[in-house]
Amino acid sequence: MNIVLATSELFPFSKTGGLADMVSALGKALAHQGQIVSTITPLYRGIREKNPAIKETPITLHIPLGVRKASAKVFTLKIEENLTIYFIDQPDFFDRPALYVENGRDYPDNAQRFIFFSKCVVELAHKHLKPDVVHVHDWQVGLVPLLIRHEERIGAWKQRSATCLTIHNLAYQGVCPHGDYQYTNLPDDYYNLQGVEYYGYFSCLKAAIIYSDMITTVSPRYAREILTEQYGYGLDGVLRTRQQYLVGILNGVDYSEWRTRDNPFLKHSFDLENIEAKKVLKADLQEEMGLPQRADVPLFSTISRLADQKGFDILIPALEEMISTDMQFVVLGSGDAEYQRGLLALAERNPDKVAVKIGYDHGLSHRIEAGADFFLMPSRFEPCGLNQMYSLHYGTIPIVRITGGLDDSVTDINEDIDAADGIKFLEYTPRALAKAIRKALALYQNKELLHHYQTNGMLVDFSWEHTSQEYLKTYERSLRIAAPRP
């Protein structure tokens, strides 16, 4: 199968969250199974300098954008036999300090930027790559399925590519002012309640939901949750009309990157036969973060965007309550200024117990996952989540709220004593999270049970081999839907 993956970020070239990891891992997994994969992503600032193997192609894309035209060059990087990355180079749109947000504010021309990128995806796919399936990820490429349908409507594609949308986070919808619709160069008959119109605006994600052949989310539970008013963010009604084409597929883990042996970010290797080496990694992490090197104290951790969705409005009060106990906590992340101040203040008052690193540090994220005893993910909602899976693989016990992919990937002792590998709680309150932390403190004192949890977690297999097979089944369904009827 000839597959195009379209994404606004791609690890290791650009990343703000799990989207970049997921698309990167999916592309590799599909290629390893013999599919021909082309991933299309923007050429952001600094990518070429860090990756000198990226080569310019003779392809130039000339894209209408309202009343004007914009051009883009195309660069490529061959990753392996069946996997090629295509970078869209348009300096005015993509040569910027950040991907979407600078100084806490969205770029005001984000609509133009990603309408342009979506058009580049369609142009490159149609004229050069000839894919069977175009798989788009989130709102930034949400117009691609509609643009492909329109190309078919006007006769440009006799046999259009099938399309598949993955919703990574429904809270981000690419809702744009009506005036930005002009940049699509599409006729007005798509701008209505049955099309892209959304309360007087237009929504790129709504367009993808309506015009994609198949829709997936990144966990089975999240696929059910987004059909409800609570989690649907205003699109639950639209999603219910397409429910028969909606599938939840739990994300996988790229174990070639997240590995416990021969990991360049870890000073020591460990595995199930040598799990004791985690204690040395814990001491290394405590030293790196400026905490006392104590083996007898449980070390809790979080790596996250500092945002409401991730549960920081209950995490900080819960830590305020629990930090008087014998525990340590490290956090790596950036985001909401209020949460940054709250965490830094907590660390200032408790320098021997709390360490905070504001920013992004990929190597440190590996060391935190490997060195911590527990990992906190009290998300308000979580489409999938990857850190709880990384934690399990690293023998670090996740503490998660029962929502989305967190519920699908972690097993509490109340669900299955033999398979228990994490701690779950349901109520979204500081009190409920503090209670879960107390359970962890008690678990830490029971070394036999603690080892049972760690072993179970390290045995769980979230490899992409199975996950990619589920995507191939979805692609096959999308091809049947897109096939011209006699």
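Which element gives the largest share of the lining of the largest cavity? In this predicted model, that element is helix α1, with five residues. The count of cavities of 30 Å³ or more comes to one, and about 100 Å³ of space lies within the largest cavity. Fifteen residues line this space, and those closest to its centre are Asp21, Met22, Ala25, Asp254 and Tyr390. Sorted by class, the cavity lining has eight nonpolar, three polar and four charged residues.

Helix α1 also takes part in a helix pair. It spans residues 18-32 and packs with helix α18, residues 464-482, at an angle of about 85°, the two axes being 9 Å apart. Because of this angle, α1 is roughly perpendicular to α18. On the α1 side the contact involves Met22, Ala25, Leu26, Ala29 and Leu30, which meet Trp464, Ser468, Tyr471, Leu472 and Tyr475 of α18. Nine residues of this contact are nonpolar, one is polar and none is charged. Two of the α1 residues in this contact, Met22 and Ala25, are also listed among the residues closest to the centre of the largest cavity.

A further helix pair is made by α16, residues 430-445, and α17, residues 447-459. Their axes lie 5 Å apart, and the packing angle is about 110°. The angle therefore makes α16 roughly perpendicular to α17. From α16, the residues in contact are Leu443, Tyr444 and Gln445, while α17 brings Lys447, Leu449, Leu450 and Tyr453. By class, this contact has five nonpolar residues, one polar residue and one charged residue.

Two or more residues of the pocket lining come from each of α10, residues 277-288, and α17. The largest share, five residues, is given by α10. In this pocket lining, six residues are nonpolar, five are polar and seven are charged.

In general, strands of a sheet pair through backbone hydrogen bonds, in either a parallel or an antiparallel way. Here, three strands form an open sheet with antiparallel pairing, in the order β10-β12-β11. Strands β10 (175-176) and β11 (197-198) stand at the edges with a single partner strand each, so one side of each has no neighbour in the sheet. Strand β12, residues 201-203, is joined to β10 by two bridges, and the two strands run antiparallel. Within this pairing, Cys176 has Phe202 of β12 as its bridge partner. Helix α6, residues 204-211, lies across β10, β11 and β12, and runs at about 55° to β12.

Strand β3, residues 55-65, pairs with strand β4, residues 68-80, in the antiparallel sense over eight bridges. His62 has Ser71 of β4 opposite to it. Two residues lie between the strands of this hairpin, where Gly66 takes a positive phi near 70°.

Key:
Residues numbered from 1 in each chain as written. Predicted model: local features only at pLDDT ≥ 70, side-chain atom pairs only at ≥ 80, totals over all residues. Heavy atoms only, no water. Axes fitted to C-alpha atoms, helices over the stretch in contact; angles between N-to-C directions. Helix = DSSP H or I, 4+ residues; strand = E, 2+ residues; numbered from the N terminus. Parallel < 35°, antiparallel > 145°, perpendicular 65-115°, else oblique. Contact = heavy atoms within 4.5 Å. Nonpolar A, V, L, I, M, F, W, Y, C, P; charged D, E, K, R; others polar. Pairing = 2+ DSSP bridges. 1 Å grid on protein atoms, 1.4 Å probe; cavity = no way out; pocket = protein on both sides within 12 Å on 5 of 7 lines; lining within 4 Å. Points joined across faces, edges and corners; volume = space filled by probe spheres on them.
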